[in-house]
Amino acid sequence: MLIGANVSMSGKGMFPGAVAQAVSYKATSLQFYTGAPQNTRRKDVSEMRIPEGLDAMAAGGLSHLVIHAPYIVNLGNTTKPGNYDFAVQFMREEVARADALHAYTMPFHPGAHVGAGADAAIAQIARGLNAILSADQTVTIALETMAGKGTEVGRSFEELAAIIDQVELQDKIRVTMDTCHMNDAGYNVRDDFDGVLNEFDHTVGLDKLSIIHINDSKNERGAGKDRHANIGAGTIGFDALYAIANHPQLTAIPKILETPFVGPDKKHMHAPYGVEIGWLTSGDYRPEELSALATSTD
């Protein structure tokens, strides 16, 4: 199974440090941001220790590196032209960083229309992507399915398809499925994932799917809130998420966990990923393992 988690590339560890985290979780894939997701400050690629990171991936048996674009970039804002120009330039640079890291794909939140309406945002997002994408890049940009919070665009497969249809370099554009986001947008991920997958195939095309974010949800279906829960601790549940992670049509697609850290207080927070990856690969769901982490002060 291609499965991993969102890890951190920071401090002196950089790329090989992120790989070491993934290896400690017994992952076979990994995802990270090139800097804090809440801002656009980035180190030069010369400081990321890329050759060491690639060697560590090979030694650890990891593949399909995923670089997540920061979620504050908003190509859909038609009311502030300066924000759009900045987003296009930043994303061009982020694509170059992802290529330098030998990344496979880049999940990207399409943006929000901030009151101008989805149609206006969709047209501008596509225009921005056409300005960002280049024929010689290797990494693909994978528009993410969104929960429908606020004025987000991408809350339906139809909205994603409308963006993709206007992209010129079709071989450079893909989709990220997020199980929490789809649930919160109203898709029946828990009880009819095959139906969701069939709808996606007919609306967008399974050939456009490059990654799945495996997250449970704290919300009921259709809530439009985007609040991730740990595997088995939300409204989607372990059985549904295990079936998705092991779905026979999705064996070549990396699955990445973005579930919350757990702990008794802010000073003692623990990544749940080793436990959750173990559950999803073995099928042996033991919620008491997560409870032990949640109360540990080690």
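Is Y187 buried or exposed in this predicted model? Y187 counts as buried, because its relative accessibility is 10% and the cut-off for buried is under 20%.

**Figure 1. Y187 and F157 make a stacked aromatic pair.** Searching the whole structure turns up ten aromatic pairs, and here is one of them. The ring centres of F157 and Y187 lie 4.2 Å apart. Their planes meet at 20 degrees, so this pair is stacked; the stacked label applies to planes under 30 degrees apart. Follow the chain and you will see that the two partners come from distant parts of it, 30 residues apart. F157 belongs to helix 5 (residues 157–165), while Y187 sits in the loop between helix 6 (179–185) and helix 7 (193–203). F157 is buried too, with a relative accessible area of 0%.

Figure 2. Edge-to-face is the word for planes over 60 degrees apart. F261 is partly exposed, at a relative accessible area of 43%, whereas Y273 is buried, at 4%.

**Figure 3. Aromatic residues gather in one cluster.** Now try finding F238, Y242, W279 and Y285, which form a single aromatic cluster.

Technical notes
Residues are numbered from 1 along each chain as its sequence is written. This is a predicted model: local features need pLDDT of at least 70, side-chain atom pairs count only at pLDDT 80 or more; totals for chains, interfaces and linings use all residues. Side-chain values use heavy atoms; hydrogens and water are left out. Rings of Phe, Tyr and Trp (its six-membered ring) pair if their centres lie within 6.5 Å; planes under 30 degrees apart count as stacked, over 60 as edge-to-face and the rest as tilted. Helices (H or I, at least four residues) and strands (E, at least two) are DSSP runs, numbered from the N terminus. Buried means under 20% relative accessible area, exposed over 50%, partly exposed in between (1.4 Å probe, protein chains only).
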